[in-house]
Amino acid sequence: MTSRADSALWLKSGRKRPFCLGMGARRLLTLTSALLLAATACSQPPATVAPETTAVHPKKAKEGKNSHADKAADEAKADEGKADDSPQKYTVPFAWESSKAEPLALTRAFLKEAFEDNKTYMEHGPKFFSAFADAELPRATVVTCSDSRVQPQGWDETSENDDYTVRNFGNQLAGDEGSIEYGVEHLNTPLLMIIGHTGCEAVKAASGDTSKLSKPLQAQIKSLQIPRPTQGKNENQAWAEGVVANVHNQVAAALKRYGKRVQSGSLTVVGAVFDFRDDLGQGAGKLIIVDVNGNGEAARMEAFMAAVNDGPDAKGVKKVSKKDLQSPEDVVHSLAQVQGIVTREVSSASNDSPTAGHAH
Ligand SMILES: [Zn+2]
């Protein structure tokens, strides 16, 4: 194969050309140009002469000399959902990688690790999987943020068939009511847990000017009502305050929807903040309970934690004999006396009642 550089040298050197002497000058020029072009095509490194196997987006390849404005317009059009469904549109990626930081290399690395991790996970064996193959039996419906830094192993190392998890930007009920209802009313989880987190970008976005966000993002965060921060708080404190406020709001929304279940003792709604930044000063990574059935007072949260950790033997928990508890309502009332966690009258509770269940 003759390289482009060799061809040029060969033409310049004036060496004897392999053409008949009777050739006209113009024909000679045409022929040498054709040869030069052929040589050029053959001189490229193999990786760049196989466009069908590279990840070059055909649409982008076609754009050629288009201006940036044209490209932006095209991308905007693509965003509008006008997908080209021609089979040639998406080619198979991973034919090459020029750097580990490029999107395709990162994608490949993630998938490679996912397959490896999955292989390891399969080592649990058939017995492990058959234990939950036929029935979904979670104890908790968990609503948390889609933030990549928030993962269930932060609070549950064995989440299989135990955590029914709904995730979205801002750990909210709005927009995912159906999924949440499935957990609470069909899977009958006794616990609905709403877990926000420090450093939440959804809370930050909802606290600022949303007018420049895309329509889907505006719609996603429109139900987040973040109050103005307390005066004198620094930026991180104000942000964390917004995160906690959002958790309280989501618990209130859950009580509005599922108040009857909470009153009957069949559901407890717990709001928590996963603080991987230690913005709340209780240790990085701490899962902090901030709301139980609409109660948020520090003393009550402490009493609740003691009851959770120590059960009926917890300090301050009044023991109740079983014969005093004739119905779930009795259990709720006796708990209310001790913990002040559930205090509303059972008879007043209904799904239409918006009361957040604050203690008297
Ligand atoms: Zn978040």
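**Figure 1. Pairing of strands β3 and β4.** Strand β3 (residues 191–197) runs parallel to β4 and is joined to it by seven bridges. Strands here are DSSP runs of E with at least two residues, helices are runs of H or I with at least four, and both are numbered from the N terminus. Two strands count as paired if DSSP finds at least two bridges between them. Within this pair, Leu192 stands opposite Val269 of β4. Strand β4 spans residues 268–275, and seven of its eight residues are buried. A residue is called buried if 20 or more other C-beta atoms lie within 10 Å of its own, exposed if 12 or fewer do, and partly exposed in between, with C-beta atoms placed from the backbone. The model is predicted: local features need pLDDT of at least 70, side-chain atom pairs count only at pLDDT 80 or more, and totals for chains, interfaces and linings use all residues. Residues are numbered from 1 along each chain as its sequence is written.

Figure 2. Five strands form an open sheet of mixed pairing, in the order β2-β1-β3-β4-β5. Its edge strands, β2 and β5, each pair on one side only. Neighbouring strands are turned against each other by 25 degrees on average, direction ignored; axes are lines fitted to C-alpha atoms, for helices over the stretch in contact, and angles run from 0 to 180 degrees between N-to-C directions.

Figure 3. The buried residues of α7 are Ile180, Gly183 and Val184. Seen down the helix axis, these residues fall within an arc of 85 degrees, so they line one face of α7; the arc is that of the directions from the helix axis to the C-beta atoms. Among the elements covering them are β1 (140–145), β2 (163–168), β3 and α10 (235–264). Contact between two residues means that their C-beta atoms, placed from the backbone, lie within 7 Å. Gly178 and His186 are exposed on the other side of α7. After the helix comes Asn188, with a positive phi near 55 degrees.

Figure 4. Glu185 belongs to helix α7 (residues 177–186). This residue is partly exposed, because 14 other C-beta atoms lie within 10 Å. The C-alpha atoms of Glu185 and Arg261 are separated by 9.3 Å, although the two residues are 76 residues apart along the chain.

**Figure 5. Helix α10 across the sheet.** Helix α10 lies across β1, β3, β4 and β5 and runs at about 165 degrees to β4. Of its 30 residues, 22 are buried. The helix has a kink of about 85 degrees centred on Tyr258; the bend at a residue is the angle between axes fitted to the seven residues ending there and the seven starting there. The end C-alpha atoms of α10 are 41 Å apart, which agrees with the 44 Å that its 30 residues should span at 1.5 Å a residue. That expected span is 1.5 Å times one less than the number of residues. Gly265, with a positive phi near 85 degrees, follows α10.
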